[in-house]
Amino acid sequence: MSSIKPTIKVRTKDVIAIHWFNAFFWLTLVLTGFGIISGDFVRLAPAFWPTFLQNVLGGNANLVLLHGIGGMVWAGVIGVYALLNAKRVVLPFLKNVLVLTPKAAIADVSSMVITLAHLFGLLKHKSVPPQGRYNGAQRLLGTMIIACSLAIAVTGMYLFLSPMLLDFAASAGVLGGVFRWALVIHLAAVLLVLLGLVAHIYFAVVEEPESLETMKSGEAEVAFIKHHNPLWYAELEREGKV
Amino acid sequence: MVAKYVMLADTTRCINCKACEVACRAEWDTPLGYSRDWVKEVEYVNAKGLPEVQLFPGRCQHCDDPPCVEVCPSGASWKREDGIVLVDHAICSGCELCVPACPYEARWLNPVTNTISKCTFCQPRIDKGLQPACVDTCVGRALIFGDANDPNSEVSQLLKAKEWQKLVTDEVNIGPNHYYYTAGKAIPDTVMPKLNERHLSGKLMENIVNPLGTLGIGGMMAVFLGAGIKKLIDRRQDVSNKEGSHEQH
Ligand code: SF4
Ligand code: SF4
């Protein structure tokens, strides 16, 4: 006997497409980026990775080119999408995830800590405060990803284009200095996002496969929303959507 | 066996004519005021109270363990199997992370190419079976270049025949492949390699950003792997509890 559980549409096709576009480019850019950095002092991936990738692509120059062009396609497509859909998608999303006040940040951190503790059977007596569409961890991750993505795009563009376009030697070390700091920011931002992505992927695949399903079909089970995101459920109720 | 190229400088034969520098500049068309090699003059008063000059022709030492390669983020600086340290100009960004990393001051940013310049032992000439330009032109035969892995080479013979010294200190010992003959005289401090203050950005990347990032991501993976395993164990326990209660009925 199969019972059809009631669902509602919570994501449009374009949002799903941009999510998977972002995921695919992240994977490619991280893999190629880790392949470019080969010096022992600054390398992030094990030594075999840059060697392997550079051999496959016929040298680091090709890898840098691929990474640079890939990065500009990633930033360009997301930038244009964000501009074209500012009102319909981006602003509501930002409103939902941006953590701008210290109070909100503290509330989100505490709900994240409780959620994490529950994974290990700890803090059982403490329940996670009722969540809106995005929970504390998702909001923190969202804010971090937006800030880091902007930093990655801007620094990446400088790292890729400045050696071709600017005269480093004539700037008395200034442009080179900016390049070195851009590299530090680029790396730090990538590492921060990766840190968050580990949790994001774990929750989507293991703890809440329902949300992964939503990122594929756009449909979410009403019962799941009611149970997981009661504040969002209340909002949907008010809007007459459920 | 792969070659291991070394440079020998017999300081007793150097007359400070600077022919090596001129040949190098002509070979590499270096901008005015820049050179890939040099002759350092050290003046001092000897034990007899007489003024003396020692001459040290120098260039990139093609170190076994080159910090310039280790700090290069783009892989533009690299070491060939035969020991020659090269810069791939197509990918050198000109970020100069490698400049203070070299304790021999062998690297500089070329204002024409905007990439790093340094001695390459004239690698294109070596690959054609020729000698480096500086060696070819040295009037006193103070510079001798060759394959130290070939027992019949001139450098191998000379290395065995005389007492050679390298520019190394307790602080900087990165396996330079440039040897100096001084007829037993000590090498003055001014010629010795010095650790330079590295760029703050480079130090931050090496000592804080990269280790913290790697640790953090590793830690996160361990936490969530643990959570996943716990979930599996709990589920198994749940199933066996249910089966147990089933059997009792
Ligand atoms: S001398 Fe300097 S530039 Fe040459 S290999 Fe050694 S560290 Fe690198
Ligand atoms: S300037 Fe030096 S460290 Fe920077 S990319 Fe070029 S060779 Fe590498």
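How much area is buried between chain A and chain B, and what share do carbon and sulfur atoms give? About 3,300 Å² is buried there, and 72% of that comes from carbon and sulfur atoms. Buried area here is the accessible area (1.4 Å probe) that two parts lose on being put together, summed over both.

Before the close-ups, a word on the model and its labels. This is a predicted model, in which local features need pLDDT of at least 70 and side-chain atom pairs count only at pLDDT 80 or more, while totals for chains, interfaces and linings use all residues. Residues are numbered from 1 along each chain as its sequence is written, chains are lettered from A and ligands numbered from 1 in the order in which they are written, and side-chain values use heavy atoms, with hydrogens and water left out.

**View 1. Chain A on its own.**
Chain A has 10 helices and 2 strands; helices (H or I, at least four residues) and strands (E, at least two) are DSSP runs, numbered from the N terminus. The C-alpha trace of chain A spans about 65 × 40 × 40 Å along its principal axes. Chain A contains 242 residues, and 40% of them count as buried. For a single residue, buried means under 20% relative accessible area, exposed over 50%, and partly exposed in between (1.4 Å probe, protein chains only). Among contacts in chain A between residues at least 6 apart in sequence, 69% join residues at least 24 apart; a contact means heavy atoms within 4.5 Å.

**View 2. Where chain A meets chain B.**
Here 39 residues of chain A are in contact with 39 residues of chain B. Look for Phe41(A), Phe120(A) and Arg180(A): together they supply 22% of the area that chain A buries against chain B, more than any other three residues. Across this interface, 11 residue pairs are in polar contact (both at pLDDT 80 or more). A polar contact is a pair of N or O atoms within 3.5 Å; within protein, one must be able to donate a hydrogen and the other to accept it, and residues adjacent in sequence count only if both atoms are side-chain atoms. Helix H3 (60–84), helix H5 (102–119) and helix H7 (174–207) of chain A each supply at least two residues of the side that touches chain B. H7(A) gives the most to that side, with 17 residues. The residues on the side of chain A that touches chain B divide into 28 nonpolar, 6 polar and 5 charged. In this sorting, Ala, Val, Leu, Ile, Met, Phe, Trp, Tyr, Cys and Pro count as nonpolar, Asp, Glu, Lys and Arg as charged, and the others, Gly among them, as polar.

**View 3. A salt bridge between the chains.**
Over all chains, the whole structure holds 19 salt bridges, each a side-chain nitrogen of Lys or Arg within 4 Å of a carboxyl oxygen of Asp or Glu. The count between chain A and chain B is 1. In that pair, the side chains of Lys231(B) and Glu207(A) meet at 3.6 Å, N to O. Lys231(B) sits in helix H6 (residues 200–248) of chain B, and Glu207(A) in helix H7 of chain A. Lys231(B) is partly exposed at 24% relative accessible area, and Glu207(A) is partly exposed at 24% as well.

**View 4. Salt bridges within chain B.**
Lys185(B) forms a salt bridge with Glu52(B), the closest N and O atoms being 2.8 Å apart. Lys185(B) lies in the loop between strand E9 (178–181) and H6 of chain B and Glu52(B) in strand E3 (residues 51–58), so this pair ties together parts that are 133 residues apart in sequence. Another pair is Glu41(B) with Lys18(B), whose closest N and O atoms are 3.2 Å apart. Glu27(B), Arg125(B) and Asp136(B) are linked in a network of salt bridges.

**View 5. Two alanines in loops.**
Most residues other than glycine have a negative phi. Phi of Ala172(A), however, is near 55°, a positive value. Ala172(A) lies in the loop between helix H6 (136–165) and H7 of chain A, and is exposed, with a relative accessible area of 70%. In chain B, phi of Ala183(B) is also positive, near 55°. Ala183(B) is found in the loop between E9 and H6 of chain B and counts as partly exposed at 46% relative accessibility.
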